[in-house]
Every structure is written in structure tokens, then in C-alpha cells.
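I opened this entry to keep track of what I looked up, in the order I looked it up. The structure goes in first, then my notes.

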Amino acid sequence: MIDTHSIALTTIVKEFDLQVVHAATDFESVRITVEDISRPGIQLSGYFDHFDPVRLQVMGNVEMSYLARLAESQRAQILDRLFSYKFPALLITRNIAPGPLCVAMAQKHNVTLLRSSLPTSTITSAIIAYLKAELAPRVTRHGVLMEVYGEGVLLTGESGIGKSETAVELLKRGHRLIADDAVEIKKVSGSSLIGTAPELIRDYIELRGIGIVNVAKLFGMGAVKVENEINLVVNIVPWNTHEVYDRLGLEDQYTEILGVKIPMNTIPVTPGRNLAVILEVAAMNNRQRKFGYNPALEFIEQTNRHFEKSMGNR
């Protein structure tokens, strides 16, 4: 199973069109496991306390010009010690030539040496943003993820309860499918979750009695989306006459995924309930609540004012 919390160094090289000056013998197998990168500054003066060798190292004009001012013996000593930490790779920016001594030390310690023509700040910020997205904590949940009126709605519930059938009805009403059956969820910030479909089943939906349907080809490319933020979880449950369901919407329900609280609605189903319409209303209602409008509270306040007025007229 591929480790979803690491990314191959070769992928980064390809993504950012980096030049490989020297490829270590393990170049194809090196994986990046942290989203931070480092610019060895104080380490070039000989201070290696707290140096993190698991990070990708980046050197730009400042670091390279500093090394160029050192005596060759001193420069060799610093580079020898730096490369001895066996970090994933050293990236030199602004198309600066690494120099024969730097290449020699990379070869000696079997560390990959890369080069980019971009400015240091540009390539650094781009790689950090990329790593943050690719290395975000993630989990796979059973369910269906739809975009309904711009809201990412995650449908959950036991198998066979009608999630995929509801998704098809929503597709006919102009909404978009992100994932069916398995939803890959990643935490991109402290309060935001992004959902997508595994590559193997992307754009497909399973309907019992019909089989596998390619949504993009059947409904058009506008009916699918690669990923979307999850704004609302709707848990579909069988109707239970002994269960008390919230009829006013005064109680805020939440579910927690990867430590992030997401608003949740529990919707009981019985024959004849139009789930697609209910989900459209749930999505619009959730959107209103995000903008500070709560119809349930407004209804209660209006009711209280009515009774207070009635009591005052007695």
C-alpha cells in the first residue's frame, strides 16, 4: 500500500521541472515525509544543533555567495559535514552552478543534488504549498460526496440505504459528483477538509440493479468535480418510530473528522421522501447559517413575540 503521508522526490522533481545535477543511488526511492523545507544558514558557519535532516534543503544566492567567500579548505569542511546528514536532496536556486566541490561532496555522501532557475522565495513557497496539500493528514470514509449549490455535502449511512440513488437524482437536478462509495478526506487546515475520489473509481457511480455508470460520459463533464471542501455531513438513517428527531433545528449537530468539526444533519428516510430535494434544502440552510442566519431561532423569537403580544392583550 502506498504511504499517503509521503511523496516521492522524483514526483517533486517532475512537478517543478527541477534539473538533476547528481542523482543518488537511492534517488528513485527517496520520499519526502514533512511539509517544511530548510535553508541551511547558520549551519554553514558550523552550528548543526537542531538541524533537521529529514527536510528538503534549499540554498540560494545568499548561501552560495557566502560559501564562495570561504577558503576552499573551509568550504570543503562545511559541505562535507552538511552532506553527511543524508537529507533527501539539496536544491540550488536561481540557476546557480553548484561548483565542483559541492558536486563532489554530494557524490561522496550519496545525496541528490538539484537545481532550479526560479528565485529562492518563489520555488520555496511553491514547494511548501505543494507539500502541505500532498502530505495533509487523510482518511477514507464510506459515503458519497456531492457539490450542492456550492456546498460540499457528504452523504453517509449504511450500505443500501439509497445514497447513490440520491446522488443520481441530484445529478439530474444539475449538481455535481465528487466521489461515490469511497471518499478520500484530507485535512488542509485546522478548520477545513477536502474530499476527493480515489483515482480508480473517479467519475463512476454504482447503482444496484443497473451496475457501474460513468457520470462524466452520461451527464457530461459539468456533472463531475475532482475535489471539494466538505461543508456538511448528512447521515441518512432508516425511520425509527421510537426515535425522537429534531423538528425545529435548534440543536446544532456536528461530527468530527480528523479533528475538524463539521455540521451534520441526521435525515430519517421512509418510502416517498424526496431525499434530493431535502438535501438541496439542507445545503442552502447550511449556507445561510454560515452567513449568520438561523431560521429556527427566528421562528422561536417570532413565536415568543406572538404569545407575549397575546398575553398583553388579555
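Which residues does Leu 279 touch, not counting residues up to four places away in sequence? I listed Val 148, Val 153, Leu 155, Thr 166, Leu 170, Val 234 and Ile 267. I note here that the model is predicted.

**Cores**

I then looked up the core around this residue. Leu 279 is among the residues with the most contacts inside the largest nonpolar core, which has 28 residues. Met 146, Val 153, Val 215 and Val 234 are listed with Leu 279. I checked which elements give two or more residues to this core: strands S8 (138–148), S9 (151–156), S12 (204–207), S15 (232–238) and S17 (260–269), and helices H6 (163–172), H7 (215–219) and H8 (275–290). H8 gives the largest share, five residues. Another core, of 23 residues, lies apart from this one, and I noted Phe 48, Ala 76, Leu 101 and Cys 102 among its members. For background, I wrote down that nonpolar side chains tend to be buried together in soluble globular proteins.

**Sheet**

Next I traced an open sheet of five strands. The order is S2-S7-S6-S5-S4, and the pairing is mixed. I found strand S2 (19–22) and strand S4 (37–38) at the edges, each pairing on one side only. I also followed S6 (residues 89–92) against S7 (residues 112–115): they pair in the parallel sense over four bridges. Leu 91 stands opposite Leu 114 in S7.

**Rings**

How many aromatic pairs does the count come to? I recorded five. One of them joins Phe 16 and Tyr 130, edge-to-face, at 5.4 Å centre to centre with 90° between the planes. Phe 16 lies in the loop between helix H1 (9–15) and S2, and Tyr 130 lies in helix H5 (residues 120–134), so this pair ties together parts that are 114 residues apart in sequence. I looked up burial for both partners. Phe 16 counts as buried because its relative accessibility is 17%, under the 20% cut-off. Tyr 130 is buried as well, with a relative accessible area of 15%.

I then took Phe 48 and Phe 51, which also form an edge-to-face pair, 5.7 Å centre to centre and 80° between the planes. Phe 48 and Phe 51 are both buried. With Tyr 85 they form one aromatic cluster.

Last, I checked a charge against a ring. The charged end of Lys 261 sits over the ring of Tyr 254, 4.7 Å from the ring centre.

Key. Residues numbered from 1 in each chain as written. Predicted model: local features only at pLDDT ≥ 70, side-chain atom pairs only at ≥ 80, totals over all residues. Heavy atoms only, no water. Pairing = 2+ DSSP bridges. Phe/Tyr/Trp six-rings, centres within 6.5 Å; stacked < 30°, edge-to-face > 60°. Buried < 20%, exposed > 50% of the residue type's maximum accessible area, 1.4 Å probe, protein only. Lys NZ or Arg CZ within 6 Å of the ring centre and 35° of its normal. Core = buried A, V, L, I, M, F, W, Y, C linked by side-chain atoms within 4.5 Å. Contact = heavy atoms within 4.5 Å.
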